Amino acid sequence: MTNKQKGVSKWGIPIVLTLFAFALFRVFLFVGYVPTSSMEPTLDAGSYIVGTRIVKDLQSGDIVVFHHEGQLLVKRIAGCPGDEIDLRKIPYMKTMAIPVWEDPIITVPENCYFMLGDNSD
């Protein structure tokens, strides 16, 4: 085996594995970061999570990572399109006053989801 062939075999496998890992994370998987305590006790602040980019049907109770106003957020789906949400039944933070609405029951619009964090304290 020549020196050139040894160099290709020495670096070929790591390069192929690196390209495979890059493609895997670019197309199918992603690594997310939970910056705040909004999902505690399910996910601790400062946690890293691995998720899938392949989504079939989203349902209430699923944890999702999504972009909102330039930020990457991690929340739980509390309502799917067409669901009615009674805002009076949502636990609020103890340090905030409970808001008053004209109509406390909302219907989640088509192609939208109602998201909440798990940490109501």
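Q: In which loop is Pro 41 found?
A: A heads-up: this is a predicted model, where local features need pLDDT of at least 70, side-chain atom pairs count only at pLDDT 80 or more, and totals for chains, interfaces and linings use all residues. Residues are numbered from 1 along each chain as its sequence is written, and side-chain values use heavy atoms, with hydrogens and water left out. Helices (H or I, at least four residues) and strands (E, at least two) are DSSP runs numbered from the N terminus. With those labels, Pro 41 sits in the loop between S1 and S2.

Q: What omega does the peptide bond from Glu 40 to Pro 41 have?
A: Most peptide bonds are trans. The one from Glu 40 to Pro 41 is cis, with omega near 10 degrees.

Q: What pattern does the chain follow along the sequence?
A: The secondary structure comes to 1 helix and 7 strands. Read along the sequence, that gives α-β-β-β-β-β-β-β.

Q: What share of the residues in the chain is buried?
A: The chain exposes about 9,500 Å², an area from the Shrake-Rupley method with a 1.4 Å probe, where for residues only the protein chains shown count as cover. Carbon and sulfur atoms supply 60% of that area. Buried means under 20% relative accessible area, exposed over 50%, and partly exposed in between (1.4 Å probe, protein chains only). Of the 121 residues, the buried share is 18%.

Q: Which residues does Gly 51 touch, not counting those up to four places away in sequence?
A: Gly 51 is part of strand S2, and it counts as buried because its relative accessibility is 17%. Taking a contact as heavy atoms within 4.5 Å, Gly 51 touches Phe 28, Leu 29 and Phe 30.

Q: Which element gives the largest share of the lining of the largest pocket?
A: A probe the size of a water molecule, rolled over the atoms, shows where empty space is left. The largest pocket has a volume of about 460 Å³, and of its 19 lining residues the closest to its centre are Phe 30, Thr 52, Val 55, Val 64 and Val 65. Strands S1 (29–34), S2 (47–52) and S3 (63–68) each give two or more residues to the lining. The largest share, 5 residues, comes from S3.

Q: How many disulfides does the structure hold?
A: A disulfide is a pair of cysteine sulfur atoms within 2.5 Å. Cys 80 is buried because its relative accessible area is 13%, while Cys 112 counts as partly exposed at 33%. The number of disulfides is 0.

Q: What is the phi of Glu 69?
A: Glu 69 lies in the loop between S3 and strand S4 (71–79). Glu 69 is exposed because its relative accessible area is 74%. Most residues other than glycine have a negative phi. Glu 69 is not a glycine, yet it has a positive phi of about 50 degrees.

Q: Where does Asn 111 lie?
A: Asn 111 is another residue other than glycine with a positive phi, near 65 degrees. Its relative accessibility is 73%, so it counts as exposed. Asn 111 lies in the loop between strand S6 (105–107) and strand S7 (114–116).

Terms used. 1 Å grid on protein atoms, 1.4 Å probe; cavity = no way out; pocket = protein on both sides within 12 Å on 5 of 7 lines; lining within 4 Å. Points joined across faces, edges and corners; volume = space filled by probe spheres on them.
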